[in-house]
Amino acid sequence: MTTEIRKQRQLKYIDTNGFGAAQGGRGYHFPVDFAVRKDGLIFVLSRSGQGSLAGTGISVTDIDHNWHGEFSGYGTGDGEMQWGTAIAIDSSDRLFLADEKMQRITIFDSENNYVSHWGTAGSGPNEFDGPSGLAFDANGNLLVVDHKNHRIQRYTVDGEYIDSFGSEGSAKGQFNYPWGITTASDGRIYVADWRNDRIQRFEEDGVFIDAHGESGDGDGQFNRPSSVAVDDDGFIYVADWQNQRVQVFDKDWNFQTIVLGEAGLSPWAADYINANKDEKIAREVFNPYPKLDVDEPYEVSARTEPYFWVPVAVTTYGDDRLLVLETARHRFQIFEIV
Amino acid sequence: MATATNIGTELDLIAHLLRRTGFGSTPGELEEAGELGYEGTLDQLFNPGDADPLPVDLIRRYHADHNDLRIPPSSGSFWMYRLVTTKTPFEEKIALFWHRVFATGQTKVIQGKVMISQIDMFRKYGLGSFRELLIQLSKDPAMILWLDNQDNHKDNINENYGREILELFAMGVGNYTEDDVKECARAFTGWTIANMPYMSTKMRNNTLRPYGYIAWQFEYDESDHDDGEKTFLGETGNFTGEDVIDIICKNPATPQFIARHLYHHFVADELPVPQWPFEGPKDPEAIQLMVDAYFANDYSIGAMLRAMFESDIFKSETKRFARIKSPAEVVVGTLRLAGDFDWPTDDVYKATAACNYMGQQLLGPTSVEGWMGGDDWISTGSMVQRINFASDTIGDPDKRGVKAIVSRIADRHPSGNVEPEALVEDCLGLVGRLRVEDGTLNGLLAFVREQGDVDPSTEDGAGKITSLLQLIVSTREYQLA
């Protein structure tokens with residue numbers, strides 16, 4: 001661990017965790033969010049999709065690819081979900097799950113057992129219309145991105161409403177279908193203001209500080225940013241969802257770098273390939289970077305397996321790792337922060 | 001046939017055009033087209049603005065499975081959103097047309113992503129030069145694997161694509177020889193996809209493991225192309241695939257064949273395609289009109305259709321309601337009328353499934369010959385599906401489109417109560433100027449009279465109008481375009 005404040009950030013690819021698991025089991029199916037617990041366990045929320053809802057649930061893994069099982073699943077009962085959007089873990093290792101279809105927040109204990117849930121549909125205080133991003137503020141209260149109400153609501157960990165900030169629009173402090181949210185170590189709150197193509201920064205009480213970004217595909221521009229992470233030195237990592245990339249900025253929004261992903265076979269993926277001789281043989285002559293006749297990022301990523309395809313969430317791991325979760329490739333890539 | 005609306009007006013003619021070039025018309029669409037007039041509407045159809053469908057970012061945020069479009073419910077419903085919400089339905093009608101003629105099925109190619117890319121290609125090239133369209137088709141990864149052209153090698157040809165481009169896609173049986181098929185196949189050797197061994201293995205294994213599907217990329221493998229001399233349709237040379245397409249496109253049989261398909265899809269039901277070698281077209285004059293436009297306009301499909309739509313043949317009374325709607329036309333037309341899918345919803349899967357139940361799985365034609373159309377669409381089971389879907393869809397007075405119809409009727413009758421004859425005429429007009437037979441008309445009138453007074457400004461009146469709309473979309477005549 002270093003105590004030196006690093007002035008610049010680059011990301012160096014080191015590993016891939018994941019595997020497509022449409023029916024559940026070791027792997028993920030259309031994952032949309034993940035969270036790291038303080039003991040290093042990584043929880044991955046698979047939203048799954050029509051035709052294979054058995055893949056819905058929360059999987060547990062670690063940085064060394066060990067598989068620790070899965071819990072929850074598709075349904076409307078206690079502890080189940082329909083359209084899961086986000087997870088966050090509090091200081092007591094309780095996991096909070098947002099479901100934008102059932103308009104509720106569900107709590108699981110540290111053993112992954114269902115505890116309780118709350119939530120009412122609506123647009124008034126303490127009502128939800130599409131809870132999506134989740135994070136805990138500096139005081140341990142839960143921040144809920146109430147995205148179709150274009151605001152952030154704050155709750156105690158027991159589900160008691162505290163306050164909210166934001167409204168619909170594109171002015172400072174307003175939102176247009178916000179998605180991901182995170183809290184930095186200094187207590188500041190960062191929100192991926194999805195359809196405004198920017199990241200907004202707030203004081204811990206919700207007072208607007210600044211915003212960065214505009215629509216586009218250049219450096220510092222965004223196309224529907226879905227998630228943001230901040231490391232202990234204040235460097236900012238953004239999942240630039242529709243540009244199929246991750247951008248890095250310093251705390252003053254100075255552009256640092258862009259990564260597109262360079263996934264290799266995870267151990268789970270390698271197990272599968274090795275067990276299927278026909279695919280193994282075919283893969284021996286596989287060129288992961290074929291010459292393409294398209295340049296639209298979605299199409300490029302669809303045809304280039306190592307690239308991010310729908311990078312939906314980013315999170316730091318320890319003080320020198322960044323994890324990037326990809327919905328359409330059922331995996332997350334691990335980068336060293338250098 | 002009796003008329004409940006004023007059949008003879010230009011608006012009726014425009015409604016006819018919008019049924020064929022789109023999925024019928026909402027009251028607002030018909031009103032706008034009426035202001036443009038028939039010719040102005042045609043101009044707009046051939047020079048469309050932004051399709052402005054439900055944005056893809058919204059769709060993909062809510063439907064995680066629409067990010068990779070891998071399985072049929074995902075890819076089919078992704079297209080369904082566009083069909084229902086586009087402002088340029090003619091583009092979709094063209095895409096459906098080529099999807100039917102160049103029938104490619106997800107049942108074999110497995111991944112829906114490449115099927116959606118093929119539909120995008122039809123949308124982009126479908127009204128342009130037939131030569132360019134055939135080149136794009138021959139390079140289309142879904143088509144290549146659908147007809148095994150990845151297995152068509154210079155030392156060991158696979159005739160599948162070479163045969164079908166002649167038989168099913170461009171010329172029809174009787175206009176080429178078996179030797180032409182072989183020579184055609186030779187010309188397309190080397191037209192393959194990148195990473196063919198791995199991609200075809202994954203297609204065969206049909207699994208998302210390890211990281212989902214990788215969309216296919218066309219690749220020309222020069223080392224596997226047979227560049228030797230070929231004799232094709234009477235010409236000899238070291239033909240490439242493009243050369244063969246040139247020869248196909250200038251052959252008189254080609255526009256004859258395509259024109260008959262266009263007639264079948266846009267003008268009136270024809271005989272099923274397998275009968276075409278034995279039975280001539282129903283309307284040779286219409287076919288010739290389009291053939292002439294093809295040669296006069298660099299093989300332009302758009303020119304063929306424009307010539308057709310401007311002709312008295314198309315405008316004639318005998319061509320009105322002369323086609324049985326395809327399931328897609330029933331489903332999409334009714335959803336557009338009801339004003340559905342303003343926002344992502346699981347109902348899109350139900351709509352896509354309903355289309356399947358009626359006999360048309362989007363992106364999944366039953367065979368390489370596509371859907372036959374015409375009477376083939378109708379069976380006891382499919383008819384029940386059609387009626388139930390249309391009736392259920394239009395039966396919600398809170399839907400935007402239903403509200404708009406009720407509101408227009410209320411505006412027309414500010415005094416309140418609407419006479420049964422006027423109400424039926426209004427409703428038939430507002431669902432796209434539908435015309436019905438006497439028996440149907442009398443049934444609709446009897447239904448309205450049974451319900452008692454209808455004041456469209458009240459909730460009770462809105463409910464009664466909604467019930468009448470349900471009955472109208474359940475009629476035999478609603479199945480016709």
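This is a short chat about chain A, chain B and the contact of the two chains.

Reader: What kind of model is this, and how is it numbered?
Author: This is a predicted model, where local features need pLDDT of at least 70, side-chain atom pairs count only at pLDDT 80 or more, and totals for chains, interfaces and linings use all residues. Residues are numbered from 1 along each chain as its sequence is written, while chains are lettered from A and ligands numbered from 1 in the order in which they are written.

Reader: How many helices and strands does chain A have?
Author: Three helices and 24 strands. Both are DSSP runs, numbered from the N terminus: helices are H or I with at least four residues, strands are E with at least two.

Reader: How much of chain A is buried?
Author: 48% of its 338 residues. Buried means 20 or more other C-beta atoms within 10 Å of the residue's own; exposed means 12 or fewer, partly exposed is in between, and C-beta atoms are placed from the backbone.

Reader: Which residues of strand 8 are buried?
Author: Strand 8 (residues 104-108) of chain A has five of its five residues buried. Arg104(A), Thr106(A) and Phe108(A) lie on one side, Ile105(A) and Ile107(A) on the other.

Reader: Which strand pairs with strand 8 over five bridges?
Author: Strand 7 (residues 95-99) of chain A, in the antiparallel sense. Strands pair if DSSP finds at least two bridges between them. Leu95(A) has Phe108(A) as its bridge partner. The two strands form a hairpin with four residues between them, and Gln103(A) in the turn has a positive phi of about 55°.

Reader: And which one pairs over four bridges?
Author: Strand 9 (residues 114-118) of chain A, also antiparallel to strand 8. Ile107(A) is bridged to Ser116(A). This hairpin has five residues between its strands, with Asn112(A) in the turn at a positive phi of about 70°.

Reader: New topic. What is the strand order in the open sheet of four strands?
Author: 18-19-20-21 in chain A, with antiparallel pairing. Strand 18 (225-230) and strand 21 (255-259) stand at the edges with a single partner strand each, so one side of each has no neighbour in the sheet. Strand 18 pairs with strand 19 (residues 236-240) over five bridges, and Ser227(A) stands opposite Ala239(A).

Reader: Over to chain B. Where is the kink in helix 2 centred?
Author: On Gly37(B), with a kink of about 110°. The bend is the angle between axes fitted to the seven residues ending there and the seven starting there.

Reader: How far apart are the end C-alpha atoms of helix 2?
Author: Only 21 Å, for 20 residues (27-46), short of the 28 Å that a straight helix would reach at 1.5 Å a residue. The expected span is 1.5 Å times one less than the number of residues.

Reader: Which residues of helix 2 are buried?
Author: Glu29(B), Leu30(B), Ala33(B), Thr41(B) and Leu45(B). Their cover includes helix 1 (10-21) and helix 5 (89-101) of chain B.

Reader: Last one. How many residues does each chain give to the contact?
Author: 27 from chain B and 35 from chain A. Contact means C-beta atoms, placed from the backbone, within 7 Å. Helix 12 (196-205) and helix 4 (72-85) of chain B each give two or more residues to the side that touches chain A. Helix 12 gives the most, with five residues.
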